[in-house]
Amino acid sequence: MHTEKVIFAIDNNTDVHAVAKFLRHVNTLRAVNKIRPVTMCIGNWKGILEASYMMDLADYDKYISGRDWADGQECVLVVSGDTRQPCYLRFPDGTHTALGPMV
């Protein structure tokens, strides 16, 4: 079974307190087995490097999206578990932009 992943940055990701609150939230969910592992990444959006996170899309939709953590995001990157399938940007209004397969 291929699981879709999402890569996103949190709002205020340079605010140590905001990052700590987000990581505590994620660690609590992991401790009680509500979400699968989250991977910290370095992302690049419009030429700016930023801390970002990768997690299962279903977990993101259930526990992160629509909450304070990612309200200000222009979009998130959705990556198929099947590397032959295209990745896409998903925007808050529900639209998508296909990017091609992850290489």
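Two strands count as paired when DSSP finds at least two bridges between them. Helices (H or I, at least four residues) and strands (E, at least two) are DSSP runs, numbered from the N terminus.

**Entry 1: ground rules**

I am working with a predicted model, where local features need pLDDT of at least 70 and side-chain atom pairs count only at pLDDT 80 or more, while totals for chains, interfaces and linings use all residues. Residues are numbered from 1 along each chain as its sequence is written, and side-chain values use heavy atoms, with hydrogens and water left out.

**Entry 2: the sheet**

I started with strand order. Six strands make an open sheet, which I read as β2-β3-β1-β4-β5-β6, with antiparallel pairing. At the edges I found β2 and β6 (96-101), each of which pairs on one side only. From one strand to the next the twist averages 30 degrees; for such angles, axes are lines fitted to C-alpha atoms (for helices over the stretch in contact), and the values run from 0 to 180 degrees between N-to-C directions.

**Entry 3: who faces whom**

Next I went through some of the pairs.

- β2 and β3 run antiparallel and are joined by seven bridges. Thr 39 stands opposite Met 54 in β3, and Ile 42 stands opposite Ala 51 in β3.
- β1 and β3 are also antiparallel, with four bridges joining them. Here I noted Phe 8 opposite Tyr 53 in β3.
- β4 (residues 76-79) pairs with β5 (residues 86-90) in the antiparallel sense, over three bridges. I looked up Val 78 and found Tyr 88 in β5 as its bridge partner.

**Entry 4: positive phi**

Which residue in the turn of the β2-β3 hairpin has a positive phi? I found Lys 46, at about 55 degrees, in a hairpin that has two residues between its strands. Lys 46 lies in the loop between β2 (39-45) and β3 (48-56).

Asn 12 gave me another case: its phi is near 55 degrees, positive in a residue other than glycine. Asn 12 sits in the loop between β1 (5-8) and α1 (16-31).

I marked these two down because most residues other than glycine have a negative phi.

Buried or exposed? I checked Lys 46 and got a relative accessible area of 62%, so Lys 46 is exposed. Asn 12, at 54%, is exposed too. My cut-offs: buried is under 20% relative accessible area, exposed is over 50%, and partly exposed is in between (1.4 Å probe, protein chains only).

**Entry 5: cysteines**

How many disulfides are there? The count comes to zero, taking a disulfide as a pair of cysteine sulfur atoms within 2.5 Å.
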